[in-house]
Amino acid sequence: MKTGIFYGSTTGTTESVAKRLGGLLGVADADIHNVAESAPSDVADYDLLVLGTSTWGSGDLQDDWQDFIAGLEELSLRGKKIALFGVGDESMTDTFCNAVGTLYDRLKKTGAEFIGAFPDGSFTFKDSSADTGEGVAVGLLLDETNHADLTDSRLAEWAALLKK
């Protein structure tokens, strides 16, 4: 299964996580894409799309995703798998990693199969659109601001889950 990682990053944190994840998954650097420099059609070569974003403002999707996600929504992604990850700040208790939920909601209609749901119990927050309501998020949630010490173990566990 050929894997492509696509990320949007303003401060470099999500980019760093994407590259670390790429190492754990054995993804070549050429298959790790900044959405600001990519076209939605670039996903065509991959069976598994690992999509990463940070959450900004009032729970908003990272800016570079705006055009890219609009283009992805127009594609049929049937036969592809999507795994989502995001970086947030749990002190934004009402919108923690909402951008991951935004990616999930906007891409549901593409026909892709979502994989990589992951426990969110390591964090304390009031609300997140990425949360399923059962202690599980639609993807991997990370907090490099308050819980950077958890990132490596969560990345390793999630990467092992995606490899199954």
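**Charged pairs, cores and rings**

E15 has a relative accessibility of 28% and so counts as partly exposed; buried means under 20% relative accessible area, exposed over 50%, and partly exposed in between, with a 1.4 Å probe and protein chains only. Before I go on, this is a predicted model, where local features need pLDDT of at least 70 and side-chain atom pairs count only at pLDDT 80 or more, while totals for chains, interfaces and linings use all residues. Residues are numbered from 1 along each chain as its sequence is written, and side-chain values use heavy atoms, with hydrogens and water left out.

What does E15 pair with? The side chain of E15 meets that of K19 in a salt bridge, 3.1 Å from N to O. By salt bridge I mean a side-chain nitrogen of Lys or Arg within 4 Å of a carboxyl oxygen of Asp or Glu. Both residues sit in helix 1, residues 13-25, four residues apart, about one turn of the helix. Helices (H or I, at least four residues) and strands (E, at least two) are DSSP runs, numbered from the N terminus. K19 is partly exposed, at 47% relative accessibility.

How many salt bridges are there in the whole structure? A search finds six. Another one joins D152 and R20, with the closest N and O atoms 2.5 Å apart. D152 lies in helix 4 (residues 148-163) and R20 in helix 1, so this pair ties together parts that are 132 residues apart in sequence. R20 counts as partly exposed at 29% relative accessibility. R20 and D152 also belong, with E144, to a network of salt bridges.

A further salt bridge is between E73 and K109, with 3.9 Å between the closest N and O atoms. E73 is in helix 2 (residues 65-73) and K109 in the loop between helix 3 and strand 6 (113-115), 36 residues apart, and the pair links these distant parts of the chain.

Now the interior. A nonpolar core is a set of buried Ala, Val, Leu, Ile, Met, Phe, Trp, Tyr and Cys residues joined through side-chain atoms within 4.5 Å. The largest one has 27 residues, of which F6, L49, L51, W65, I82 and L141 touch the most other members. Strand 3 (48-56), helix 2, strand 5 (81-87) and helix 3 each give two or more residues to this core. Apart from it lies another core, of 21 residues, including V27 and A159.

Leaving aside neighbours within four places in sequence, the contacts of N98 (heavy atoms within 4.5 Å) are T55, G59, D127, S128 and S129.

Last, the rings. Rings of Phe, Tyr and Trp (its six-membered ring) pair if their centres lie within 6.5 Å; planes under 30 degrees apart count as stacked, over 60 as edge-to-face and the rest as tilted. The count is seven aromatic pairs. F96 and F125 form a tilted pair, 5.1 Å centre to centre with 35 degrees between the planes, and both are buried. Y104 and F114 make an edge-to-face pair, at 4.7 Å and 65 degrees. Finally, ring pairs link F6, Y46, W65 and F68 into a cluster.
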